Amino acid sequence: MFDSVRVRLTLWYTTVLACVLVAMAFGTYFLLRRDSARRTDAAIVETAESFLATVNAEADEAKGPDGVRAGIEQANSEHKYRDTIFVVLDEDGKIVSSSSDQFMRSEPSGAPSGILQDATTRSGANSFRTVRLRERIYRSYVRYFSIGQKAYRLLVLQSLLSQQEFLDSVITAFALAIPLAILLASGAGYFLARRSLSPVVEMSTQAGGIGADNLHERLPVRNAQDELGHLAQSFNQLLDRLDQSFEQQRRFMADASHELRTPVAILCGEADVALSQSNRSPEEYRRSLDILRAEAGRLKHIVEDLFTLARADAGQHPLTLANFYLDELVAECCRSMRTLAAAKRITIKCDAPEEMPIYADEALLRQMIVNLLDNAIKYTPPEGSVSIACCVQNSHYLLTFSDTGQGIPPELQPRIFERFFRADKVRSRSESDGGGAGLGLSISQWIVQAHSGQLELTRSDAAGSTFTVQLPAGVAAQPLIPRLSSKR
Ligand code: ADP
């Protein structure tokens, strides 16, 4: 039961409300009690003064001890209240007069005698006490006064029954109202919690129904401004990203299998042809084997590229970093690509005038440079030229690969770094030099990015294309291996 947020919210809410109500009830009760006591005391003082005014007036008129008695009797008869008792005591504590018979015939050990004793022993200023008389609670007030040479005390006893009844009714009201309020509030709280959490329950049910096959479905956003709207939006964004990556994955799998299918089909077909004729000449077998070799090589290349990308995606491709000279690596790559270029009568120009020490993965940078040079040669018609220029720019090395090929159509330029993208699939595939699978630029871009650099197509038109690589310059603390070759 406590696993439900609704129940927990309701319990919290009810507990807090109960504490507040009980605290309020206590506060109200004590305030009312204090106020009632103050008002009672004030009323008693007023009654006592009025009683004494009557006594004084009568005593003045009658004069002498009889005058005092007559004044007190007159005041007693004038001030007859149901809940108030007046007792006048002389200096010795003897009752001069009382409005209640109880005091006139009080026994020595009875309650009135106790009250009287208390009144006579009270000293100093006029004072209040709360006393009990025959199971009833009274407020007692002693007022000193003197007439002529004689001192007296007026004891006023005011019953607190009505006040007590009022306070009891307040307690009863609270005792009924608080549980009722808590009950109603907890019911309403549960209803509200249920209502406000119902979109969450709905969202979780819908989210639970979203799987790989309906990943394009989205949660409804009722109010984009509230918390639940934000939650639904964040969830939908997560689904967008998942959908995108699923889609990429699907496309990647489809493209990869498509790219692998062609060489595998050629391999099988060529092997079938070779095996079907038993009387083939050794040249014919050699030709078939050459084709098998070329396709197997192409297959190997694609699989290696795929492996590189898969490891790069998983962040598991290790970088073997070392200090070396980038200008030397560029020159080496140019040299190795010259034979390929020469087959198409393409000239390769390498311009690396400065020393470029770098701390990087040499094998990966070599792969990137070879990829870009290979592309430049592949997509440049015979008799063209390819050049690579290296320079130092601030804290970066800039490698510019230019060719005199036919360029890439502007609308396709933004897509060339996508995996398996080939601007002209038919032409690439039919290239005699083994057109690529459209992975070369993706891998090159990853290699450059893994070195915190940038690879961009900076120009491509009918006159040719230029790719620019920017790599951070500088070496690590360990010493550079001394240069083997002198500068070109
Ligand atoms: P591929 O293996 O097909 O060369 P890449 O990823 O290296 O794959 O290149 C993707 C596409 O970009 C190529 O198919 C080609 O259409 C285009 N491309 C790359 N480099 C050049 C270039 N230097 N000149 C013209 N087109 C190029």
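The model is a predicted one. Helix H6 and helix H7 are roughly antiparallel to each other, whereas H5 is roughly parallel to H6 and H7 is oblique to H11. Around the ligand there are 19 residues.

**Packing of H5 with H6**

- Helix H5 (residues 161-208) packs with H6 at an angle of about 10°, and their axes are 11 Å apart.
- Because angles under 35 degrees count as roughly parallel, H5 is described as roughly parallel to H6.
- On the H5 side, the contact is formed by Ser196, Pro199, Val200, Met203 and Ala207, which meet Leu228, Leu231, Ala232 and Phe235 of H6.
- Eight residues of this contact between H5 and H6 are nonpolar and one is polar, with no charged residue.

**Packing of H6 with H7**

- Helix H6 (residues 227-276) and H7 pack at an angle of about 165°, with a distance of 9 Å between their axes.
- Since angles over 145 degrees count as roughly antiparallel, H6 and H7 are placed in that class.
- H6 and H7 cross in a left-handed manner.
- H6 contributes Phe252, Ala256, Glu259, Leu260, Pro263, Val264, Ile266, Leu267, Glu270, Ala271 and Ala274 to the contact.
- H7 contributes Tyr285, Ser288, Ile291, Leu292, Glu295, Ala296, Arg298, Leu299, Ile302, Val303 and Leu306.
- The residues of the contact of H6 with H7 comprise 17 nonpolar, one polar and four charged.

**Packing of H7 with H11**

- Helix H7 (residues 282-313) also packs with helix H11 (residues 440-450), at an angle of about 40° and with the axes 10 Å apart.
- This angle makes H7 oblique to H11.
- The crossing in which H7 passes H11 is left-handed.
- Asp305, Thr308, Leu309 and Ala312 of H7 make the contact with Ser442, Ile443 and Trp446 of H11.
- Four residues of the contact of H7 with H11 are nonpolar, two are polar and one is charged.

**Surroundings of the ligand**

- Among the 19 residues around the ligand, those that come nearest are Asn375, Tyr379, Asp403, Ala423 and Leu441.
- The side chain of tyrosine 379 has an N or O atom 2.8 Å from an oxygen atom of the ligand.
- In the side chain of lysine 378, an N or O atom lies 3.1 Å from an oxygen atom of the ligand.
- Leucine 441 takes part through its backbone, where a polar atom is 2.8 Å from an oxygen atom of the ligand.

Note on methods
Residues are numbered from 1 along each chain as its sequence is written. This is a predicted model: local features need pLDDT of at least 70, side-chain atom pairs count only at pLDDT 80 or more; totals for chains, interfaces and linings use all residues. Side-chain values use heavy atoms; hydrogens and water are left out. Axes are lines fitted to C-alpha atoms, for helices over the stretch in contact, and angles run from 0 to 180 degrees between N-to-C directions. Helices (H or I, at least four residues) and strands (E, at least two) are DSSP runs, numbered from the N terminus. Angles under 35 degrees count as roughly parallel, over 145 as roughly antiparallel, 65 to 115 as roughly perpendicular and the rest as oblique. A crossing is left-handed if the near helix is turned anticlockwise from the far one by less than a right angle, and right-handed if clockwise. Contact means heavy atoms within 4.5 Å. Ala, Val, Leu, Ile, Met, Phe, Trp, Tyr, Cys and Pro count as nonpolar, Asp, Glu, Lys and Arg as charged, and the others, Gly among them, as polar. A residue is near a molecule or strand if one of its heavy atoms lies within 4 Å of it. A polar contact is a pair of N or O atoms within 3.5 Å; within protein, one must be able to donate a hydrogen and the other to accept it, and residues adjacent in sequence count only if both atoms are side-chain atoms.
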